[in-house]
Amino acid sequence: MQPKIKKLSKDISLLIAAGEVIDKPVSIIKELVENSIDANSKKIIIKIKNGGKDYISITDDGIGINPDELELAFESHATSKLNSKDDIYKVSSLGFRGEALASISSVSKIECKSRIKSLDYGNLIEIKYGKVISKSKIASNYGTQIIVKDIFHNIPARLKYLSNTRSESGRIGQFIQSVSMSYPKISFELIIDGKKKYHTKGDNSKITIFNQLYKLLSNDLISVDFRENSYQLSGYISKPNKNFGNRSRMNFTTNGRVIKNPKIFYSIENAYRYFNKNKRFPIFNLNLTIPFNEVDVNIHPQKHEVKFEKEAEVISFIYNNILKVLNSEIPSENIKINIEQNKVISQYENTEFDQTDFFENSEEISLKKVLPILRFIGQIKNTFILCEGPDGLYIIDQHAAHERILFEKFMKIKSDENFQTLGILRYVDLGILKNQIILEKIEKFKEMGWDIEESATGEILVRNLPFLGIYKTREVDLNNLFETIILDLEANTDTPSNIIAKRLACNNAVKAGDKLSEKESEKLISDLEKTEVPWDPHGRPAVVKLEFDKLSRQFGR
Ligand SMILES: Nc1ncnc2c1ncn2[C@@H]1O[C@H](COP(=O)(O)OP(=O)(O)OP(=O)(O)O)[C@@H](O)[C@H]1O
Ligand SMILES: [Mg+2]
């Protein structure tokens, strides 16, 4: 027996996230397939013609729609899935708004046949652009078939914005593949312009689907199954040597709902990048099971996004467990990372790059600060590098960033290490007193890879400086370098080794005004991602983030 379809009361319908439900053929397919899944179907057949623009048919073997509710199902805010206001905050079905069929039927010609198991006949309803044309009894198999034709022919302005057949079919194929992998118990069949293009058996084997879609074998996959408190993460992720050039093979569901949450994607990518340095992407199908009342599914009209009540905890749970499983699966010659559970959240909180926070917690930030993967956009004023991140625009101060990178490298150099040196031989005379300040610290300089000594006449003789041969090479102004080191040493601002490394970094770093090529900028970004924290050694931020959320609000979106 199926639950009754009812019109939602005004106060409930006002709570539902409003907006465009249907904008392209794939959004129709998504809604109809989700309805079939909610109807407990075991087999779903999807047929499209001309990228879904002319014809879409979805046939399922689910519970069907009661004949006397068939017309109601196409009305706005008519649903069998919500009963009270509170249900919105604990929805377990994919649908809940009672909007999809109404939205689809208002922009297309529809024929819907449906039969419930307890009757031996079915019913057919025809609707054209929102108007019911006919209703009749028919012979039919149980389940539901919905045919959608000529979408947007009543709204030419929207018809114009549909993409070409190939792109629309591509989006549909991608969606069906992704949903079939998340629902391995359901058999999916996709027929494009009369040809069967994709088929899953519904035998509950995700591995078979990984193999079918991405040619991955069980040996290429790592099984994920973690439970912690009320959260569970399960599915498969590819081993780091099996990866892909873009994010299209990353499938994530929350309680069975396909969602695109950039923060989740980036947390998984960041964990993966410890094991795969080449900036390629993992292939995965993962599902997060989380109490229904901790996730708000009613924030996006097309339900592509959800909002987690405890987002930081969710992200941290996913990140930690992906790291853990990769750590235990990857052979021992590869790096192992020790992550202290409770500190991972701070990565995300600290992406605000709030200076006061940093200094207050400075000893606590032992955890390697991981910047998200950034996409280079361009350089402005020959000073700042612009990048796109998962959640905002990142602006990098090229000098500050390079200073941080070099500082960390110079701090690691040891005198006995084989490092590249800047071959020079120069006498520096700053006057007896200043020369003396430097010469008193000569051992410190040597420890840090400098080749300097006192000349017979009391000057500073510089034979070599550590030099890391990255980015621009410039003439080192030794007098200036020593002067600044002396100033800091006299002010006693820091330890001598920090002062020496900082000043050398500052001296060698690219300057504001230096034009950087795309390659140089990308190298700088990836080197910065590897540093401990995105600050210059003097505590000024090297990265500032403009959040997309804030931008949207400023534009009144
Ligand atoms: N394939 C189907 N099999 C059985 N019942 C269906 C099917 N499709 C739709 N229905 C019924 O029609 C109702 C309306 O469907 P519709 O998709 O418009 O709303 P919904 O799924 O309740 O919410 P949403 O708008 O969030 O999708 C559903 O609540 C369900 O009872
Ligand atoms: Mg629905």
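Me: Before we start, what kind of model is it, and how are things numbered?
Reply: Residues count from 1 along each chain as its sequence is written, while chains are lettered from A and ligands numbered from 1 in the order in which they are written. Local features need pLDDT of at least 70, side-chain atom pairs count only at pLDDT 80 or more, totals for chains, interfaces and linings use all residues, and the model is predicted.

Me: How many helices and strands does the protein chain have?
Reply: Helices (H or I, at least four residues) and strands (E, at least two) are DSSP runs, numbered from the N terminus. On that basis the protein chain comes to 18 helices and 24 strands.

Me: Which residues come nearest to ligand 1?
Reply: A residue is near a molecule or strand if its C-beta atom, placed from the backbone, lies within 6 Å of it. Helix H2 (25-38), strand S4 (78-79) and helix H4 (100-106) each give two or more residues to the shell around ligand 1. Of the 24 residues there, the nearest are Asn 35, Ala 39, Thr 79, Gly 95 and Ala 100.

Me: How many charged residues does the shell around ligand 1 have?
Reply: Ala, Val, Leu, Ile, Met, Phe, Trp, Tyr, Cys and Pro count as nonpolar, Asp, Glu, Lys and Arg as charged, and the others, Gly among them, as polar. By class, the shell has ten nonpolar and nine polar residues, and the charged ones number five.

Me: Which strands stand at the edges of the five-strand open sheet?
Reply: Two strands pair if DSSP finds at least two bridges between them. The order is S11-S12-S15-S13-S14, with mixed pairing. Each edge strand has a single partner, so one side of it is left without a neighbour in the sheet; the edges are S11 (221-228) and S14 (257-258).

Me: What is the bridge partner of Leu 233 in S15?
Reply: S12 (residues 231-238) and S15 (residues 284-289) pair in the antiparallel sense over six bridges. In S15, the partner of Leu 233 is Leu 288.

Me: Which strands does helix H7 touch?
Reply: Helix H7 (residues 206-214) packs on the sheet, and its direction makes about 35° with that of S12. Axes are lines fitted to C-alpha atoms, for helices over the stretch in contact, and angles run from 0 to 180 degrees between N-to-C directions.

Me: How do H13 and H15 stand to each other?
Reply: Helix H13 (residues 432-440) and helix H15 (residues 478-491) pack at about 75°, with their axes 10 Å apart. Angles under 35 degrees count as roughly parallel, over 145 as roughly antiparallel, 65 to 115 as roughly perpendicular and the rest as oblique. H13 and H15 are therefore roughly perpendicular.

Me: Is Ser 13 buried, exposed or partly exposed?
Reply: Ser 13 sits in helix H1 (residues 10-13). A residue is buried if 20 or more other C-beta atoms, placed from the backbone, lie within 10 Å of its own, exposed if 12 or fewer, and partly exposed in between. Ser 13 has 18 other C-beta atoms within 10 Å, so it is partly exposed.

Me: Which residue in the turn between S6 and S7 has a positive phi?
Reply: S6 and strand S7 (residues 131-138) pair in the antiparallel sense over seven bridges. They form a hairpin with two residues between them, and the residue with a positive phi of about 40° is Tyr 129.

How values were computed:
Two residues are in contact if their C-beta atoms, placed from the backbone, lie within 7 Å.
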